[in-house]
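Please look over the sequence and the structure before reading on.

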Amino acid sequence: MVIHQFYDKGLAHASYAIIRAGKMIVIDPARDPQPYYDFAQQHDADIVGVIETHPHADFVSSHLEIHQTTGAVIYASKLTGASYPHESFDDGDAIQLNDIKLKAINTPGHSPDSICIVLEDENGVSTAIFTGDTLFVGDVGRPDLRENVGNITAKKEELARQLYHSTRQKIMTLPKRMVVYPAHGPGSLCGKNMSPDLQSTIGRELMENYALQAMLEEEFVKILTADQPFAPVYFGYDVELNKKGAPAFKASIEAIGKAESDSRVEKNVPVIDTRPKAEFRKTHLKGAINLQDGEKFETWLGSIIKPNELVYLMADNEAALDIAIKKAAKIGYEQNIKAAMLLPGYAEERSAELDFDAFKANPENYTVIDVRNWSEINAGKIFESALTIPLPELRDRLNEIPTNKPILVHCAAGYRSAAAVSIIAGKIHAVPVYDLGEAIGQFMVHS
């Protein structure tokens, strides 16, 4: 038997292939199905099934495309309300994969329709569990993403209560030696306290996972609903897209038009410039948003741009542009790209350069904007007088920024502030807008 984990660091997403005697089942596949096809070919296996643990919020799954390409059966809980062809997979259901079994257990909490999958070996021994977003290494799934979307909606407190019982009655009663394979790792917004490890055991989680410790239901609900990370605006869109199934990955990205080198962009259509901030500062299009390509590009794209909003996507070269397009497609945003393009020759905007010594000597002469997340802000402000507007809220709160002083923006490392400065400078022209960037470290050390 082969169990293989595919890991996408950008979305901190883990998917799995299980192979037994030439037959393969995929669990929670990413948008691009090619790695699963390649893995099956390498092991001379046929993909016979795809299991969805729930309708994912943070990425788009390729379950429908794999079914259409290979004929593999899609398995999902009947509670999902899926409109794609599938077989229900709930408590008491099992998939026979030659001489091993995959058994479903309903574990509502992260979502009302969440399931986990128990792997039973050829001797009838339960050896592993694929927990989706129910149980992570060091954490459990957040309960606040299904209040307004999905076939079944529920308030976060209600889902937290369901998760309390799912963990106590189903997960925590499993054999301690069982290996835990979660759908996410550190950096995912589906939890708040994930370990850097990408697998665990039930026994380890019983000892180390804060959410599995002895506590009353009310305490669990209080802990679980507090201090969750922000939820990007694309999350609800992806839940609905995964319920019906996304279009084929390759055909969808190949349909995106490439703009000519000096094509003019339409007014009021945002330009997402993925180039490094040093290049962006030298030259960029007026009003462009500097969302640099990096490990969390997909998350920030889906946090700043709304699901129904068209954009131009810009990169340094064709190879970088293709990478950015594929990353956008991972969250279903290839359909938002009006055109993909390189920097045109008529770009002539430059970013304002901060006189760091002048700021350090008289910080009161600047309007400081803190664009970190609320959890960071609540843990302590770096500049007491700073106006706090987390990056995901910035485009909707620009009218709150005073323009009687130069504006200085900071985050915790420089990525978010680069994006924020470009957003603010694209709308506010009365005063210069500066990026404190990496120099924030000098203040954080002494704050």
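Which residue takes a positive phi in the hairpin of β2 and β3? It is alanine 21, with a phi near 50°, in a hairpin that has two residues between the strands.

## Basis of the report

This is a predicted model, in which local features need pLDDT of at least 70 and side-chain atom pairs count only at pLDDT 80 or more, while totals for chains, interfaces and linings use all residues. Residues are numbered from 1 along each chain as its sequence is written, and side-chain values use heavy atoms, with hydrogens and water left out.

Strand β2 covers residues 13-20; here helices (H or I, at least four residues) and strands (E, at least two) are DSSP runs, numbered from the N terminus. Eight of the eight residues of β2 are buried, where buried means under 20% relative accessible area, exposed means over 50%, and partly exposed lies in between (1.4 Å probe, protein chains only). Both faces of the strand are covered: His13, Ser15, Ala17 and Ile19 are buried on one side, and Ala14, Tyr16, Ile18 and Arg20 on the other.

Strand β1 (residues 2-8) pairs with β2 in the antiparallel sense over seven bridges; two strands count as paired if DSSP finds at least two bridges between them. In this pairing, phenylalanine 6 stands opposite serine 15 of β2. Strand β3 (residues 23-27) is also antiparallel to β2, with five bridges, and methionine 24 in β3 is the bridge partner of isoleucine 19.

## Residues with positive phi

Most residues other than glycine have a negative phi. Alanine 12, although not a glycine, has a positive phi of about 50°. Alanine 12 lies in the loop between β1 and β2, a hairpin with four residues between the strands. This alanine 12 counts as buried because its relative accessibility is 0%.

Asparagine 98 also has a positive phi, near 55°. Asparagine 98 is found in the loop between β7 (94-97) and β8 (100-106). With a relative accessible area of 31%, asparagine 98 is partly exposed.

## Alanine 320 in helix α10

Alanine 320 has its place in helix α10, which spans residues 318-330. Its relative accessible area is 22%, so alanine 320 is partly exposed. Alanine 320 and aspartate 293 are 27 residues apart in sequence, and their C-alpha atoms are 8.5 Å apart in space.
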